[in-house]
Amino acid sequence: MMQLTFLGATGTVTGSKYLVRTETQRVLVDCGLFQGLKYLRLRNWAPLPVDAASIDSVVLTHAHIDHSGYLPLLVKQGFTGKVHCSHATRDLCGILLRDAAHLQEAEAEYANRHHFSKHEPALPLYTREDAEQALSMLVSHAYDQDIELGEDLTFRLIPAGHILGASMVRLSHAGKILLFSGDLGRMRDQVMIAPRRVDQADYLVLESTYGDRRHDPADPTIKLAEVIRRTAARGGAVIIPVFSVGRAQAILYYLHQLRISQTIPYLPVYLDSPMAAEATRIFQQHPGEHRLTRGQCEAMCKTARVVTNVDESKQLTAQSGPMVILAGSGMATGGRVVHHIKSFAPDHRNTILFCGFQAAGTRGAAMLGGAESVKIHGEYVSIKADVELLSNLSAHADYTEIMDWLGSFVRPPNTVFITHGEPVAADALRHHIEEQKHWRCLVPDYLQTIELQ
């Protein structure tokens, strides 16, 4: 017997959680936070739909918060098992979960100080102590090793590209293989390695973030340079909301290239994210998982001045004039970039430049959709700055790259479960696979349970 229950990443790109049950084991693959629309975020505050104490172990595909950020809550609710992941995922979770907890506490404190929360007092979703408890349960493994989880149940981590440590998770039970793609990286990314090709699985859980789109094939540095030159010419600043792990490092690398080629004017670059700075240093510790040389990693680290504390960040927000500021978070849902948007967005000389997928309900999605104002800290901020998107900087494979990756299978899976996509994207990928490969596909519903025969 093997059952698969979808506890997240259905109808959305966030909250990835998949519960696998066998006769003797309950394994949670990924443990992510929901982000974006309010009804999704409220799920983070509700108890997990299954008893956390009944879960024997967790296996993470990678460290991004929409795949790992629920771990402290899982532990608070009674989980006592091991959390398995790759070596780089362990290192990155160390900074991501601590930072997520810090942001939860800081935002609750800010809301209480300024009295804009509907709750009195506003509480953090979890604390730094909760994050430390979760981190103590992490056990890391090398790729391509079969690790026992219980009687006749093993898993293997397979490189997925995307970010450092990103893995596919291959579960084997009673001669059957259940493969989770995790987030698939790009085939020809300039920074990250390509996802490993796989030739078989009995069941496949496949992400569909860009299931309805193709990435622009143009060199992303061309538009990046154009935006910087245009904004600098009118005396403005370029604010780049970045995911601290992955996109921040890619942008720094591209800025280094543009500087040495003198394609952009020499202007100050600030990395207002201590977490991103630490993640950038971790790049040097895992050379086999990306394409950069040691020299390129060192140059990337020196491209920006790191803003180390809140006082320096406040001073930066008060500045004006040509400069580039990279700050988290990538969808402008929290973190220091929210303060920069609050300060710089009302000025038409500035540019807010997004460089990754923006989930429905996030400030990033609203701004790219043409919103004239967004709500920040209980008040509406007008958007007069240019709002741009570097669409071809995504760390996710588009649907053509996914179809190319599927081409390595020597036989079709019994079923492809299409998850981790907005409804239109997930259904589009289902259509592509059914029409081109004639495989059986299912776009599952939230909390749906499937018997894997």
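# Exercises on strands, rings and helix packing

Five bridges join strand E11 to strand E20, and the two run parallel. Helices (H or I, at least four residues) and strands (E, at least two) are DSSP runs, numbered from the N terminus, and two strands pair if DSSP finds at least two bridges between them. The model is predicted, with local features needing pLDDT of at least 70, side-chain atom pairs counting only at pLDDT 80 or more, and totals for chains, interfaces and linings using all residues. Residues are numbered from 1 along each chain as its sequence is written, and side-chain values use heavy atoms, with hydrogens and water left out.

## Exercise 1

Solution. Start with the pairing. Tyr 203 stands opposite Thr 415 in E20. E11 also pairs with E10, in the parallel sense over three bridges; there, Leu 179 has Leu 204 of E11 as its bridge partner.

Next, take the side chains. Tyr 203, Val 205 and Glu 207 point one way, Leu 204 and Leu 206 point the other way, and all are buried. Buried means under 20% relative accessible area, exposed over 50%, and partly exposed in between (1.4 Å probe, protein chains only).

## Exercise 2

Classify the aromatic pair formed by Phe 6 and Phe 417, and locate both residues.

Solution. First, the rule: rings of Phe, Tyr and Trp (its six-membered ring) pair if their centres lie within 6.5 Å; planes under 30 degrees apart count as stacked, over 60 as edge-to-face and the rest as tilted. Nine aromatic pairs are counted by this rule. For Phe 6 and Phe 417 the ring centres are 5.6 Å apart and the planes stand at 55°, so the pair is tilted.

Second, the positions. Phe 6 belongs to strand E1 (residues 3–6) and Phe 417 to strand E20 (residues 415–419), so this pair links distant parts of the chain, 411 residues apart. Phe 6 has 0% relative accessibility and counts as buried; Phe 417, at 1%, also counts as buried.

Third, the wider group. One aromatic cluster is formed by Phe 6, Tyr 18, Phe 180, Tyr 203 and Phe 417.

## Exercise 3

Which residues have a positive phi without being glycine, and where is the cis peptide bond?

Solution. Asp 152 has phi near 60°, a positive value in a residue other than glycine. Asp 152 lies in the loop between strand E7 (147–150) and strand E8 (153–159), and is partly exposed, with a relative accessible area of 48%. Ala 174, likewise not a glycine, has a positive phi of about 50° and is found in the loop between strand E9 (167–173) and strand E10 (176–180).

The cis bond runs from Gly 328 to Ser 329, with omega near 20°. Ser 329 is in the loop between E15 and H11.

## Exercise 4

Leu 271 stands opposite Leu 326 in E15.

Axes are lines fitted to C-alpha atoms, for helices over the stretch in contact, and angles run from 0 to 180 degrees between N-to-C directions.

## Exercise 5

How are helix H7 (residues 247–260) and helix H8 (residues 274–283) arranged?

Solution. The helices pack at an angle of about 75°, with axes 9 Å apart. Angles under 35 degrees count as roughly parallel, over 145 as roughly antiparallel, 65 to 115 as roughly perpendicular and the rest as oblique. H7 and H8 are therefore roughly perpendicular to each other. At the contact (heavy atoms within 4.5 Å), Ala 248, Gln 249 and Leu 252 of H7 meet Ala 276, Ala 279, Thr 280 and Phe 283 of H8.
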